[in-house]
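Me: Could you walk me through this model, one question at a time?

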Amino acid sequence: CQRAAFAFDQGSDNVLAIFDKWVEIRKEIEERELEKALNPPEEEEENDDEDPEEKEPEASAEQLVYEALSEFHEDWGKRGLGLVKMIGELGVYQGARDSEFTKEGVGRTLFPSGDMFCGEYKDNKRHGLGTYYWAAKGMMYTGRWRNNVRDGVGRMIFPDGGRYLGAWSGNKRNGEGRYTYPDGSTYNLSLIHISEPTRLLSISYAVFCLKKKKKKNNKKNNKKSKKKKKAKKKKNKEKKKKHKKK
């Protein structure tokens, strides 16, 4: 489990139980909204003689999560609903904070999207060494961060097993690096601001550039080999002519 690798724990407030219940409730709400969109309710005919019945407002997502975790209400006390709402909006943070409750030092965050980060924080931002995992993309970066963006030397691992190790600037690959293909073959890179890879056909834009570069190199090599063959043929003809004269 990726979460276990990032060493999250329940904590005194059972925060992971709250997070997991949010995931469950969000899924239920999405399914309910989809069902409504596919099968809209029929409009009721208005009757002047009868008073229209007032419909009770639907419970909010945080209320549903809070009510589903009734076994923790006594421990949470009055702050329970606020705690549930905070985790739903911000996720779970476990780590160092300064006197003003700002993230400062080493910590780990489990975001509402399922993404995870473990590393150094400065003034509430990812800053220093750290590892970030994108849950939806299945990608993971380990390396240097600066003001919440990838900046410095780092390694990105892609879902297909491909890896890039090298320089980053402003969340983009920038400078010297090495791309390792899923089959283990490698290629040295010198890139300037190549944008985040698009995984269409499992080929990033950077790799596409490399393949074009390879093709150009192959063409150069083919031209050289043709020139060598022509030179050899010319020499052989000259030798034959000399031999005939003799």
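**A walk through the predicted model**

Me: Happy to start with a charge over a ring: which tyrosine has the charged end of arginine 150 over its ring?
Reply: The term applies if NZ of Lys or CZ of Arg is within 6 Å of the ring centre and within 35 degrees of the ring normal. For arginine 150, the charged end sits 5.7 Å from the centre of the ring, and that ring belongs to tyrosine 141.

Me: Before going on, what kind of model is this?
Reply: Residues are numbered from 1 along each chain as its sequence is written, and side-chain values use heavy atoms, with hydrogens and water left out. Local features need pLDDT of at least 70, side-chain atom pairs count only at pLDDT 80 or more, and totals for chains, interfaces and linings use all residues, since the model is predicted.

Me: Thanks! How many helices and strands does the protein have?
Reply: Both are DSSP runs numbered from the N terminus, with at least four residues for helices (H or I) and at least two for strands (E). By that count, the protein has 6 helices and 9 strands.

Me: Which aromatic residues form one cluster?
Reply: Rings of Phe, Tyr and Trp (its six-membered ring) pair if their centres lie within 6.5 Å; planes under 30 degrees apart are stacked, over 60 edge-to-face and the rest tilted. The structure holds 14 aromatic pairs. One cluster is made up of Tyr93, Phe111, Phe117, Tyr121, Tyr132, Trp134, Tyr141, Trp145, Tyr164 and Trp168.

Me: What are the distance and the angle in the aromatic pair of tyrosine 93 and tyrosine 121?
Reply: Tyrosine 93 is in strand E1 and tyrosine 121 in strand E3, so their pair ties together parts 28 residues apart in sequence. The pair is edge-to-face, at 5.4 Å centre to centre and 90° between the planes.

Me: Which residues lie nearest the centre of the largest pocket?
Reply: On a 1 Å grid over the protein atoms alone, a pocket is an open set of points with protein on both sides within 12 Å along at least five of seven lines, and lining residues have an atom within 4 Å of a point. The lining has 18 residues, and those nearest the centre are Met86, Gly91, Val92, Tyr93 and Arg97.

Me: Where is aspartate 123, and which residues is it in contact with, leaving aside neighbours within four places in sequence?
Reply: Aspartate 123 is in the loop between strand E3 (116–122) and strand E4 (125–134), and it counts as exposed because its relative accessibility is 53%. Glutamate 104 is 19 residues away in sequence, yet 5.9 Å away in space, C-alpha to C-alpha. With contact meaning heavy atoms within 4.5 Å, aspartate 123 touches Thr102, Lys103 and Glu104.

Me: What is the phi of phenylalanine 101?
Reply: Most residues other than glycine have a negative phi. Phenylalanine 101 lies in the loop between E1 and E2 and is exposed, with a relative accessible area of 59%. Although phenylalanine 101 is not a glycine, its phi is positive, about 70°.

Notes:
1 Å grid on protein atoms, 1.4 Å probe; cavity = no way out; pocket = protein on both sides within 12 Å on 5 of 7 lines; lining within 4 Å. Buried < 20%, exposed > 50% of the residue type's maximum accessible area, 1.4 Å probe, protein only.
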